[in-house]
Amino acid sequence: RPVLNEVGDAKLATNNADTDETKKSMHEHTASEEARKAREEAMSAQAFLARVKDERQQLELFEKSSTAADTQAETEDAEAEKERLAYEKEERMAARSQALLKEWRDEEKGQLQAERKRQRDEVEFELWLEAREKKQEEQRKAESSKHNPVAVFDTSLGKIRAEIFLDRVPRTASNFVDLAQSGFYNGLHFHRVIPNFMNQFGCPHSRDPNSRSSGTGGPPNGTFTNLVTGETEKRYNGGNITDEFIDKTSNNLGTLSMANTGAKNSGGSQFFMNVANNASLDWFSPGKSQHPVFGQIIGEGL
């Protein structure tokens, strides 16, 4: 029995040892399984976290992309709106410019028309004033001419009557009247006759129609009375009188005009009858000729 017990104890010890080993093995297996599960769980958690991180990054990229797209769209919209506003502004400015241009042209046209009307009115007024003054002058001359003396030239070809403009050129007319009344012109010839121009008379040397001195003479120095002012006038430097450039009666057909040498104050007794319109001889016209008119042939004498 003791042997059996030892064997039995040995079996029991062996069985116990096997049980402990089995437990140990089971425990290790369990620990390994738990570690594996823990690892799997950890890996699963890491994968989950990685996926979450990736999704988060993708979401951030999408949000950034969306934001950039929105920003770009907003920028493009802003640029488009800016261009639209600028275009509308240009359109408004262009329309305003056209309106101002039209307004300016209308105003300028109106001003131009007003200016033209004003100029026409001025011209018409000046013409009216000139016509009135001319009419008044004609009336004055007509009234004055009633008191002007009339000279009668008794020639070999008939009589010539001429009004002497005492009212227009009193000195020149008084000189002529004084010479005529003194008999100075009696027996003289027309020493210079130019058809379609004039006939000149009044040189004392022309008593001899063949005298070569005809046209060079004049009255003696002396005095005569101005029939308008009553003053005493002088003939000097060869019987000449002071020029009387005060009346603008032109050297028209039939007028009597003072002859002179072309020098200042060189008129005396000589004069000419215009047988044509010779305005170039007027003292107030351009040129050197200065011949004041002092009479007009009237009636049938011309």
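The legends below walk through several close-up views of a predicted model. Local features need pLDDT of at least 70 and side-chain atom pairs count only at pLDDT 80 or more, while totals for chains, interfaces and linings use all residues. Residues are numbered from 1 along each chain as its sequence is written, and side-chain values use heavy atoms, with hydrogens and water left out.

View 1. Seven strands make up an open sheet in the order E1-E2-E9-E7-E8-E4-E3, with antiparallel pairing. Strands (E, at least two residues) and helices (H or I, at least four) are DSSP runs numbered from the N terminus, and two strands pair if DSSP finds at least two bridges between them. E1 and strand E3 (192-194) are the edge strands, each with a single partner, so one side of each has no neighbour in the sheet. From one strand to the next, the twist averages 25 degrees.

**View 2. E2, E9 and the helix that packs on the sheet.** Antiparallel strands E2 and E9 (residues 293-298) are joined by four bridges. Look for Ala162, which stands opposite Ile297 in E9. Helix H2 packs on the sheet and touches E1, E2, strand E7 (255-258), strand E8 (271-274) and E9; contact here means heavy atoms within 4.5 Å. The direction of H2 makes about 145 degrees with that of E2, where axes are lines fitted to C-alpha atoms (for helices over the stretch in contact) and angles run from 0 to 180 degrees between N-to-C directions.

**View 3. Strand E8 and its two partners.** E8 is joined to E4 by four antiparallel bridges and to E7 by three, also antiparallel. Met273 is a handy landmark: Asn199 stands opposite this residue, and Met273 is also the bridge partner of Leu256. In a regular strand, side chains alternate between the two faces of the sheet. Both faces of E8 are covered, with Phe271 and Met273 buried on one side and Phe272 and Asn274 buried on the other; buried means under 20% relative accessible area (1.4 Å probe, protein chains only).

**View 4. The largest pocket.** This pocket holds about 650 Å³ of space. On a 1 Å grid over the protein atoms alone, a pocket is an open set of points with protein on both sides within 12 Å along at least five of seven lines, a cavity is a set where a 1.4 Å probe fits but cannot get out, and lining residues have an atom within 4 Å of a point. Points are joined across faces, edges and corners, and a volume is the space filled by probe spheres set on them. Of the 26 lining residues, Phe153, Asp154, Thr155, Ile160 and Phe190 lie nearest the centre. Strand E1 (150-155), strand E2 (158-164), helix H2 (170-181) and strand E4 (198-201) each supply at least two lining residues, and E1 gives the most, with five. The lining has 16 nonpolar, eight polar and two charged residues; Ala, Val, Leu, Ile, Met, Phe, Trp, Tyr, Cys and Pro count as nonpolar, Asp, Glu, Lys and Arg as charged, and the others, Gly among them, as polar.

**View 5. The second largest pocket.** Here the volume is about 190 Å³. Among the 16 lining residues, Gly217, Asn240, Thr261, Ser266 and Gln270 are the closest to the centre. The lining has 14 polar and two nonpolar residues, and no charged ones.

**View 6. The cavity.** The structure holds one cavity of 30 Å³ or more, and the largest cavity has a volume of about 80 Å³. Its lining includes Thr172, Asp243, Glu244, Met258 and Pro292.

Notes: Buried < 20%, exposed > 50% of the residue type's maximum accessible area, 1.4 Å probe, protein only.
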